[in-house]
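Please look over the sequence and the model below before reading on.

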Amino acid sequence: MIIDNMKNINTYKGINKNLDLAIDYLQSNPLPQNVGVKLNENCFCNVCKFNGNPILNTNFEAHKRYIDFQIIASGYEVFEVAQTNLTTIATPYDIQNDISFHTGAGNQFKLEAGNFVILFPQDAHKGGKGSDKISKTVFKLKVE
């Protein structure tokens, strides 16, 4: 897992070629605000706008084929992350939707506008707790 501010994003080039593609896109385009963008089959994003909850989502989620690169555009969101090997599987991996659900305890942190988190396959995560209005862009980056 990586937590940082977008002003430092170049630090993370070279980790994954699809992350590099997303970084290059963001350096020459504004952060998508209303509609997602598909850069190719291995790198695309969705825009999520929702009202924050007073509590975190119930279960952690984890992905095997895609890395999550989540950027907060406005508001703030509280996340909790745990290593998948330290959690209990609540719902087995669904290969079609690239997701499994887990229970357990993790570490919480808060992301504000301009901050991002990169979540790798070993990072079970949950969020949803935050400000009244949250807007974020979530890039899905194929693991390669």
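## Strand S5 and its partners

Aspartate 68, in strand S5 (66–74), stands opposite leucine 119 in S10, and S5 and S10 pair in the antiparallel sense over four bridges; two strands are said to pair if DSSP finds at least two bridges between them. Helices (H or I, at least four residues) and strands (E, at least two) are DSSP runs, numbered from the N terminus. The model is predicted, with local features requiring pLDDT of at least 70 and side-chain atom pairs counted only at pLDDT 80 or more, while totals for chains, interfaces and linings use all residues. Residues are numbered from 1 along each chain as its sequence is written, and side-chain values use heavy atoms, with hydrogens and water left out.

S5 also runs antiparallel to S12, to which eight bridges join it, and within S12 leucine 141 is the residue that isoleucine 67 stands opposite. S5 is mostly covered, in that seven of its nine residues are buried, where buried means under 20% relative accessible area, exposed over 50% and partly exposed in between (1.4 Å probe, protein chains only).

Strand S2 (residues 37–40) and S3 run antiparallel and are joined by three bridges, and the hairpin that links S2 to S3 passes through two residues. Asparagine 40 has cysteine 43 in S3 as its bridge partner. Cysteine 43 in turn has leucine 141 in S12 as a bridge partner, and S3 pairs with S12 in the antiparallel sense over eight bridges.

## Nonpolar cores

A nonpolar core is a set of buried Ala, Val, Leu, Ile, Met, Phe, Trp, Tyr and Cys residues joined through side-chain atoms within 4.5 Å. The largest one here has 18 residues, and those with the most contacts inside it are Leu19, Phe69, Phe116, Ile118, Phe139 and Leu141. Helix H1 (17–28), strand S3 (43–50), S5, strand S10 (115–119) and S12 each supply at least two residues of this core, with H1 giving the most, five residues. A second, separate core of seven residues includes Ile72, Val81, Phe109 and Leu111. In soluble globular proteins, nonpolar side chains tend to be buried together.

Phenylalanine 116 is in contact (heavy atoms within 4.5 Å) with residues including Ile2, Ile3, Met6, Tyr12, Phe69, Ile71 and Leu111, once its neighbours within four places in sequence are left aside.

The largest pocket has a volume of about 320 Å³. On a 1 Å grid over the protein atoms alone, a pocket is an open set of points where a 1.4 Å probe fits, with protein on both sides within 12 Å along at least five of seven lines, and lining residues have an atom within 4 Å of a point. Grid points are joined across faces, edges and corners, and a volume is the space filled by probe spheres set on the points. Of the 19 lining residues, Asn57, Glu61, Gln70, His125 and Lys136 are the closest to the centre of the pocket. S11 provides the largest share of the lining, four residues.

Lysine 136 has its place in strand S12 and counts as buried because its relative accessibility is 8%. Its side chain makes a polar contact with the side chain of glutamine 70 (2.6 Å) and another, of 2.9 Å, with that of glutamate 77; a polar contact is a pair of N or O atoms within 3.5 Å, and within protein one must be able to donate a hydrogen and the other to accept it, with residues adjacent in sequence counting only if both atoms are side-chain atoms.

## Threonine 137

Threonine 137 lies in strand S12 (residues 134–142) and counts as buried because its relative accessibility is 0%. A polar atom of the threonine 137 side chain lies 2.9 Å from the backbone oxygen of proline 32. Leaving aside neighbours within four places in sequence, threonine 137 is in contact with residues including Leu31, Pro32, Cys45, Val47, Phe69 and Ile71.
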